[in-house]
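Student: Could you take me slowly through one part of this model, the pairs formed by its aromatic rings?

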Amino acid sequence: MLQKFFDFNKSNCLLQRDNKFIIAASGGIDSMVLVDLCYKAGFDFALAHCNFRLRGEESNIDALFVNEVADGLGIPCFLKEVETLAFSKNNKLSIQESARILRYEWFEQLVATGEFSLYATGHHFDDKVETFFINLFRGTGVSGLRSILPRNGKCVRPLLFATRSEIEDYALKNRIKFREDRSNDENHYTRNKIRHFIIPACEKAYPEFKKGFRSTFHNLALGETLIKEETDKIIKRIVRHEEGKTLININQLQECGHIELILYEVLKPFNFNSLLIQQIYRSVEGISGKKFYSQTHVLIREREQFVIQKLGNKSVIRLDSPILIENNNTFINSPINLTFKILMPDNDFKISSDPNIAMLDYDKLSFPLILRNTMAGDTFSPLGMKGRKKISDFMIDLKFSDEQKNQTLVFVSDDEIVWLIGYRISEKFKITADTKRVYKIEIHQ
């Protein structure tokens with residue numbers, strides 16, 4: 001294992017003996033094996049542990065454990081506590097995405113001090129395979145299928161060569177202590193479903209399937225390089241930047257061919273997802289004036305060009321008039337990207353806790369639903385509370401900023417607010433044991 005570690009590190013130019021770096025240490029088996037390998041290799045490093053405050057006392061014990069490991073090795077340890085739940089609610093992100101953003105922001109800040117050259121994470125080959133499936137199911141391009149890279153900016157992944165079983169064997173043989181995260185055993189996370197069901201099924205059907213994946217990842221990386229070289233040439237010709245805006249010439253875009261692929265490469269950095277990019281692609285032949293919103297940017301379809309610009313810090317989502325949502329609508333993309341589905345709950349059905357998803361009792365709704373801005377005097381019955389509450393008071397309780405207040409929209413059914421979008425559904429429309437059909441509304445960033 002140690003020799004493979006040296007070989008992989010050398011061939012990918014990851015860690016240098018004369019540079020000091022950080023190891024992102026969760027306390028789990030992957031990061032603790034990485035710590036052991038780096039220590040035996042004689043590297044100069046420190047540990048950094050992010051406490052997400054999601055598992056009560058267990059989270060605190062994890063932080064204490066990492067600190068004790070660092071003390072035992074005689075190396076520095078940085079600890080940070082973050083309010084993951086508050087960040088998730090304020091930014092309308094999932095818990096997992098919020099935790100990822102918060103920890104990487106902190107690692108980048110540590111590196112930016114100049115004391116460290118980069119930071120290393122414990123991602124391994126099974127993580128790479130799992131990410132392949134996650135991206136495949138969500139919809140992605142070649143880079144998404146290529147999955148995790150050994151290096152991404154200041155972040156390196158020196159364990160990417162090793163499978164989970166190899167890491168477990170190494171930990172056992174070398175008596176490495178680590179902390180178990182019980183959330184890894186829960187199956188309501190997409191990654192865990194892939195880890196516990198899909199990959200074991202693949203291994204049962206094709207015992208050597210991971211060897212095939214190594215070859216596939218290599219070929220995808222080669223294909224990605226070729227595609228990027230060719231698309232960069234086209235993008236340089238049809239895209240220009242001026243006064244904080246990015247402009248795409250529609251006529252030149254149509255002439256170059258492979259329109260959707262070019263749009264994907266241009267729009268990906270502006271946080272437009274695959275669903276939105278398909279809608280933008282269809283608008284190439286459409287009329288001017290249509291707008292598409294990502295979490296950070298707006299794209300406007302003008303007569304001869306697409307104009308992309310950043311949403312301002314004080315941007316306000318205001319509707320010129322309410323929008324009607326019929327029961328056969330499947331999506332809207334302005335002023336917010338939403339999809340609508342009708343589900344039949346079965347024995348495996350679970351209510352999502354994601355604030356970007358509302359799950360409502362379909363048969364309690366009256367269509368068309370109305371999407372509108374909040375108005376003075378609005379009241380609703382927040383899930384889990386008795387009686388009614390003013391929307392304005394609810395926002396005060398959650399410490400909404402002025403920007404959040406201005407951006408918040410509501411869904412209304414027969415004059416009754418059913419969802420304060422991204423925050424809370426109404427108690428009156430919640431799913432119960434008697435629910436026959438579920439109406440799922442999801443925000444797509």
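Tutor: What follows is a close look at a few of these rings. The model is predicted, so local features need pLDDT of at least 70 and side-chain atom pairs count only at pLDDT 80 or more, whereas totals for chains, interfaces and linings use all residues. Residues are numbered from 1 along each chain as its sequence is written, and side-chain values use heavy atoms, without hydrogens and water.

The structure holds 25 aromatic pairs (rings of Phe, Tyr and Trp, the last by its six-membered ring, with centres within 6.5 Å; planes under 30 degrees apart are stacked, over 60 edge-to-face, the rest tilted). One of them joins Phe209 and Phe213, edge-to-face, with 5.5 Å from centre to centre and 90 degrees between the planes. Because these two residues, Phe209 and Phe213, stand four residues apart in helix 10, about one helical turn separates them (helices, H or I, of at least four residues and strands, E, of at least two are DSSP runs, numbered from the N terminus). Phe209 is buried, at 10% relative accessible area (buried is under 20%, exposed over 50%, partly exposed in between, with a 1.4 Å probe and protein chains only), and Phe213 is buried too, at 12%.

Phe340 and Phe411 also form an edge-to-face pair, with centres 6.1 Å apart and planes at 85 degrees. This pair links distant parts of the chain, since Phe340 lies in strand 14 (residues 338-343) and Phe411 in strand 19 (residues 409-413), 71 residues apart. Phe340 is buried at 5% relative accessible area, and Phe411 is buried at 0%.

Returning to Phe209 and Phe213, we find them in one aromatic cluster with Phe125, Phe132, Phe133, Phe137 and Phe217.
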